[in-house]
Amino acid sequence: MSNHLSKAVAMVSALFTLASFCGNMAQATESSAEAIHPDELSVDPMSQITAVWQLSDIQPTDWQFQVLESLDQRYGCLAEYPDRGDRTNRTLTRSEFAARLQVCLNHIPKKVRELAELQGLIKGFAAELARRRDSIERLERIDIKPFDPTTTLEGEVLFAISYLAGKTQADGSEEDIDPTFTVGNKISLDIDTSFTGEDRLRVSLEAKNAPEFEDVTGTEMARLDLDGQDENELELDKVEYRFPLGKNAKVYISAKGGGLGTPTRKVNLAPNAAISKFGDGNPIYDLGGDAGVGLLYELGEIATFSLGYAADDANELDSGIGAEYGAIAQLTLNPNDNLGIAFAYVHSYNIIDTGTGSDRANDPFDDQSDHIKANSYALDISVRLSPKLILGGWMGWTQATALNLPGDPQADIFNYALTLAFPDLGKPGNLGGIVIGQPPKVINNTFQIDNQDYKDKDTTWHLEVFYTLRANETLSITPGLLVVFNPEHDASNDLIYVGTILTTFLF
């Protein structure tokens with residue numbers, strides 16, 4: 001036997017004496033442990049020392065404590081304990097003593113652990129060691145995911161040169177529309193943080209300085225999707241947090257920049273590169289506010305169900321979350337990669353203006369009601385007819401009721417659009433598109449002014465064509481043309497043309 005092993009055996013012999021006394025402690029602490037009475041032990045000089053089973057705490061002066069110290073000095077098995085260098089006045093409970101013994105058993109050489117003397121020590125603390133093993137096994141069965149937050153930054157810079165042409169404004173003022181070239185831009189920054197790998201906290205900043213053509217044309221039907229002016233001052237645009245709830249659900253919480261479209265699954269099979277506000281999608285989804293909550297639930301592999309609530313001015317003391325709001329329920333079907341269908345119902349209060357329709361569609365009661373409830377219904381569809389042709393479109397119908405006017409007058413507002421997309425037109429990554437439709441129009445209204453129904457008498461036609469040329473993954477250029485026939489659903493109004501060349505930088 002080597003010199004090191006001889007020293008280990010000598011030390012373990014002392015531990016064997018400790019183990020003999022410890023075995024009897026199992027009777028006092030664990031009824032299932034086999035009792036060993038001290039009287040049954042062989043005579044040993046150590047028998048004159050107080051046995052472990054008689055102690056509730058173990059002092060640094062006890063020989064049992066000192067034997068454990070010797071193990072640590074020999075093998076460094078207690079290095080993980082922060083009090084390793086300052087234990088002279090540290091009293092240990094039996095549980096703490098067993099914890100340290102377990103650590104030493106995991107670190108001392110195997111040939112020493114197999115000695116009969118050390119097996120006796122293990123038997124003496126069998127109850128405490130067994131409880132520790134059970135606790136460790138339970139912890140190992142718990143699926144604890146590491147906390148490893150990550151943050152990414154994505155940005156988009158839009159730069160547009162636009163040209164506006166027409167004869168007179170569509171608001172009845174008969175003021176001329178001067179042909180004008182304009183320059184506009186928008187900068188968006190998305191800061192995304194994930195704490196678990198499955199959640200996302202998004203904080204978006206935005207700065208823009210783009211012309212608002214409705215001010216010059218007298219109608220929101222001429223709006224570009226880019227428009228808006230804040231003199232290029234960087235402002236908070238969105239604060240949103242989404243996280244999974246179980247295996248099939250995802251929760252959305254928006255403090256700012258939310259909306260009814262946040263928790264819903266889109267069905268458009270082609271990237272949306274339309275240049276106009278109306279061409280961006282069904283206006284029904286704009287009947288919501290700025291802050292709210294949402295839930296998206298997966299119904300198998302082909303369907304999802306969404307619920308959402310979004311309120312305007314939710315942080316204002318005089319309004320809160322109930323003054324102006326929209327709530328949505330949507331069923332989305334994607335039976336295969338070539339078909340998407342969505343059915344949506346929206347209930348809103350005091351939110352009618354979608355920013356895309358006629359003046360009457362945006363305010364069907366001529367600013368005489370501030371208690372307007374509305375029920376809206378939407379259908380969106382997208383069909384891939386071939387790898388390079390996607391047919392899509394939508395319909396939206398709103399029934400608005402003025403609750404504070406005599407007779408509770410009701411207005412029906414309708415819009416629709418047909419879209420054609422041509423992916424990879426010219427070369428991979430390019431996209432051509434056509435949007436033809438009718439912006440929101442009041443088709444029926446029991447509210448009257450001068451004994452006449454307050455509704456739109458004619459029909460506007462929205463025609464839009466665009467073509468996105470992708471230079472690389474970060475740069476694309478989109479020339480587009482928007483023509484508005486019969487603006488404000490009034491055939492007496494002249495055509496309005498808006499042409500633009502939009503350059504997009506991604507980083």
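Select Ser276 and Glu464: their side chains make a polar contact at 2.6 Å. (A polar contact is a pair of N or O atoms within 3.5 Å; within protein, one must be able to donate a hydrogen and the other to accept it, and residues adjacent in sequence count only if both atoms are side-chain atoms.)

Before you go on, know that this is a predicted model, where local features need pLDDT of at least 70, side-chain atom pairs count only at pLDDT 80 or more, and totals for chains, interfaces and linings use all residues. Residues are numbered from 1 along each chain as its sequence is written, and side-chain values use heavy atoms, with hydrogens and water left out.

**Stop 1: around Ser276**

You are in the loop between strand S8 (249–256) and strand S9 (291–299). (Helices are DSSP runs of H or I with at least four residues, strands are runs of E with at least two, and both are numbered from the N terminus.)

Is Ser276 buried or exposed? Its relative accessible area is 1%, so Ser276 is buried. (Buried means under 20% relative accessible area, exposed over 50%, and partly exposed in between, with a 1.4 Å probe and protein chains only.) Now show what surrounds Ser276: leaving aside neighbours within four places in sequence, its contacts are Arg223, Leu224, Asp225, His462, Glu464 and Leu482. (Contact means heavy atoms within 4.5 Å.)

**Stop 2: the largest nonpolar core**

Next, pick Leu164, Phe466, Ile496 and Val498. Of the 22 residues in the largest nonpolar core, these touch the most other members. (Such a core is a set of buried Ala, Val, Leu, Ile, Met, Phe, Trp, Tyr and Cys residues joined through side-chain atoms within 4.5 Å.) Color strands S14 (389–402), S15 (410–423), S16 (431–445), S20 (475–485) and S21 (496–506), and you'll see the strands that each supply at least two residues of this core. Apart from it lies another core, of 13 residues, among them Ala361, Ala400, Val442 and Phe447. In soluble globular proteins, nonpolar side chains tend to be buried together.

Zoom in on Leu164. Beyond its neighbours within four places in sequence, Leu164 is in contact with residues including Ile177, Pro179, Phe213, Val216, Ile496 and Val498.

**Stop 3**

Select strands S10 (residues 303–311) and S11 (residues 325–336), which run antiparallel and are joined by nine bridges. (Two strands pair if DSSP finds at least two bridges between them.) Look for Tyr309, which stands opposite Ala327 in S11. How many residues lie between S11 and S12 in their hairpin? Two.

**Stop 4: two asparagines**

Jump to Asn232, in the loop between strand S6 (228–229) and strand S7 (235–245). Asn232 has a positive phi of about 60° although it isn't a glycine. At 35% relative accessibility, Asn232 counts as partly exposed. Asn451 has a positive phi too, near 60°, and sits in the loop between strand S17 (448–449) and strand S18 (452–453). With a relative accessible area of 71%, Asn451 is exposed.

**Last stop: zoom out**

Of its 507 residues, 44% are buried.
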